[in-house]
Amino acid sequence: MAWDEWEQLKADAAKNRPTHTQIDHVPPDGGGPVPRGDLTVHETDLAAIGKAAHDLFEDFGHYSDHARMSSLKAAGGLTSEGFAIGAALDHVAGHWVDQVQTLLDACAHISNHLRYTKNQHAADESYIAGTLSSISELDQGFDERKGG
């Protein structure tokens, strides 16, 4: 294949296929499938995520402490016997504590945020329901005034 032929093929391909990004949309004529929102979350999904975060927090906090204590005990025994690796194991156990705390903080953050989100959405729903209810009462008052 010659270079000119290759360039011609690339140019033809570029003409036949747009190179820009196209975001999903409803066609102007109204045809096609109706797009669904992709941010739908059900309370059961949030509850499952919150429970998993809480369970991980509880279980990992408990079991990681056993690993830390065992490592520190082993590090102390190795160090007292004159093994240099004892100090290294003690150093690793210290970093383990930092990493465990980071994970536990993240789990607590997830659980707390989900709880906050649930409460905030409930407050929003209550506010919206109250606002719509007062509009309904206002409409009813207008209907009564005009005799309807």
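Colleague: Why does Ser64 count as buried?

Modeller: This is a predicted model, so the value is computed from predicted atoms. Ser64 has 6% relative accessibility. Buried means under 20%. Ser64 therefore counts as buried.

Colleague: How many of the residues of the chain count as buried?

Modeller: The chain has 148 residues, and 8% of them count as buried.

Colleague: Where does Ser64 lie?

Modeller: Ser64 lies in helix H2, which covers residues 43-80. The chain has 3 helices and 0 strands. Along the sequence the pattern reads α-α-α.

Colleague: What makes the pair of Ser64 and Phe60 a polar contact?

Modeller: A polar atom of the Ser64 side chain lies 2.7 Å from the backbone oxygen of Phe60.

Colleague: Which residues is Ser64 in contact with, leaving aside neighbours within four places in sequence?

Modeller: Trp96 and Val100. Contact means heavy atoms within 4.5 Å, so each of these two has a heavy atom within that distance of Ser64.

Colleague: Now the largest pocket. Which helices each supply at least two residues of its lining?

Modeller: H2 and helix H3 (85-145) do. The largest share, 6 residues, comes from H3. The pocket holds about 330 Å³ of space.

Conventions
Residues numbered from 1 in each chain as written. Predicted model: local features only at pLDDT ≥ 70, side-chain atom pairs only at ≥ 80, totals over all residues. Heavy atoms only, no water. Helix = DSSP H or I, 4+ residues; strand = E, 2+ residues; numbered from the N terminus. Buried < 20%, exposed > 50% of the residue type's maximum accessible area, 1.4 Å probe, protein only. Polar contact = N/O pair within 3.5 Å; in protein donor to acceptor, adjacent residues only side chain to side chain. 1 Å grid on protein atoms, 1.4 Å probe; cavity = no way out; pocket = protein on both sides within 12 Å on 5 of 7 lines; lining within 4 Å. Points joined across faces, edges and corners; volume = space filled by probe spheres on them.
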